[in-house]
Amino acid sequence: MTTFYPGPSKVYPQVATYLQDAMNEGILSQNHRSKAFMEMLEVCILVFKQKKNIPDDYEVYFTSSATECWEIISQSLVRHHSHHVFNGAFGEKWFEYASRLSKETSATNFDFQEKISESLSTDADVWCFTQNETSNATQIEFSFFNKLNSEALIAVDVTSSLGGIELDWKSGDIWLASVQKCLGLPAGMGVMICSPKAIKRAEEIGERNHYNSLLFIRDNFKKFQTHYTPNILGIYLLMRVMQQVPDIQAIDTHIKSRAKDFYRFIAQETTLDLLITNEEVRSETVIAIKGTVDEISVLKQKAKENNIILGNGYGAWKDTTFRIANFPAIEDWEFDKLKTLLRQ
Ligand SMILES: *Cc1c(COP(=O)(O)O)cnc(C)c1O
């Protein structure tokens, strides 16, 4: 079976071996304050930072999900007001969740076929962006975050791009994701990466009311421990996959050229259309393809017969689009198989 679903998505095939190794090594039966666990957490963070080219002074924490990271930001990093800029379902959901927690929230909803406006301004102390909007297959360029030049913290959801393309870490303060999309791992863990500016803000606010208050998470991670019994298997698998994958620069080159090729393929070699007509805002890790209701339903049936799973279109686009994850765990031969199907 070949799956192009954008989350949960294809897991690296090597995970089968790592699962067995985890059993054999006995790490799953270890206490999470044991030396064996703490050493593993340390290695995992080290290799994750190396392979993803994360600046030394940025800190990495593991949580249960990207959604949890949204809440941690509202609890522990927003002083008064968070401003949410989005063009799709995930950004909007983040805004809704934050609205229940933060004192004040506001939003700018921009057209998903248009580039994000460079003249945004707000009094908020945290900006929230969804860099790769998984629901409509658009992305924001990292140069945009640099241009904001703001005193406020910049929080960026990179759930469906972290692991696939190189991120400009210095352009933001809080980066969040979960592991079941572009990182090619089984679901059940989130990642949060914080700049020194974000950590300083957390210290100034001093919020410690929750089990997942950022300062409490950080106190534990400083000792390579966690604030609750963590997903030990998830951490182990992340460590092994990070040891296996090439540096992000190499993955980035491959993913971007595959995206370019696939976009060209859809436009030139099939009768289908691309949902995103503006090339400048097209995502490189999630691709949305449009057709008539009949075309899409026939294609889905054919895909099924060929053991290929296409990602359903999101929300209102369910019957007229499908999505293709261009994630690194998916191999080139699988894309060739998909092309053969779509050419027919
Ligand atoms: C999938 C997704 C989420 C939610 O991830 P969970 O792991 O379910 O919390 C958040 N943001 C984006 C952009 C996503 O694609």
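Helix α4 (residues 89-99) lies across β3 (81-86), β4, β5 (126-130), β8 and β9, and runs at about 165° to β3, where contact means heavy atoms within 4.5 Å. Angles run from 0 to 180 degrees between N-to-C directions, with axes taken as lines fitted to C-alpha atoms, for helices over the stretch in contact. Helices (H or I, at least four residues) and strands (E, at least two) are DSSP runs, numbered from the N terminus. The model is predicted, so that local features need pLDDT of at least 70 and side-chain atom pairs count only at pLDDT 80 or more, while totals for chains, interfaces and linings use all residues. Residues are numbered from 1 along each chain as its sequence is written, and side-chain values use heavy atoms, with hydrogens and water left out.

**The seven-stranded sheet**

- Seven strands form an open sheet with mixed pairing in the order β2-β10-β9-β8-β5-β3-β4, two strands being paired if DSSP finds at least two bridges between them.
- The edges are held by β2 (59-63) and β4 (104-109), each of which has a single partner strand, so one side of each is left without a neighbour in the sheet.
- From one strand to the next, the twist averages 20°.
- Strands β8 (residues 153-157) and β9 (residues 174-178) run parallel and are joined by three bridges, and Ala155 has Ile174 in β9 as its bridge partner.
- Helix α2 (residues 35-51) packs on this sheet, where it touches β2 and β10 (190-194), and its direction makes about 120° with that of β2.

**Helix pairs**

- Helix α3 (residues 66-76) packs against α4 at an angle of about 45°, with the axes 10 Å apart.
- That angle makes α3 oblique to α4, because angles under 35 degrees count as roughly parallel, over 145 as roughly antiparallel, 65 to 115 as roughly perpendicular and the rest as oblique.
- The crossing of α3 and α4 is right-handed; a crossing is left-handed if the near helix is turned anticlockwise from the far one by less than a right angle, and right-handed if clockwise.
- On the α3 side the contact is made by Thr67, Trp70, Glu71, Ile73 and Ser74, which meet Phe90, Lys93, Trp94, Tyr97 and Ala98 in α4.
- By class, this contact of α3 with α4 has six nonpolar, two polar and two charged residues, where Ala, Val, Leu, Ile, Met, Phe, Trp, Tyr, Cys and Pro count as nonpolar, Asp, Glu, Lys and Arg as charged, and the others, Gly among them, as polar.
- Helix α2 also packs with helix α8 (residues 232-244), at an angle of about 40° and with the axes 9 Å apart, which makes α2 oblique to α8.
- The crossing of α2 and α8 is left-handed, and the residues of their contact divide into 13 nonpolar, two polar and one charged.

**The four-stranded sheet**

- A further open sheet has four strands in the order β11-β12-β15-β14, with antiparallel pairing.
- Its edge strands are β11 (273-274) and β14 (311-312), each pairing on one side only.
- Five bridges join the antiparallel strands β12 (residues 286-290) and β15 (residues 321-325), and Ile287 stands opposite Ile324 in β15.
- Helix α10 (residues 293-305) packs on this sheet, touching β12, β14 and β15, with its direction at about 45° to that of β15.

**Glu207**

- Glu207 is found in the loop between α6 (196-205) and α7 (214-222).
- Glu207 counts as buried at 10% relative accessibility, buried meaning under 20% relative accessible area, exposed over 50% and partly exposed in between (1.4 Å probe, protein chains only).
- Leaving aside neighbours within four places in sequence, Glu207 is in contact with Gln75, Ser76, Ala202, Ser213 and Leu215.
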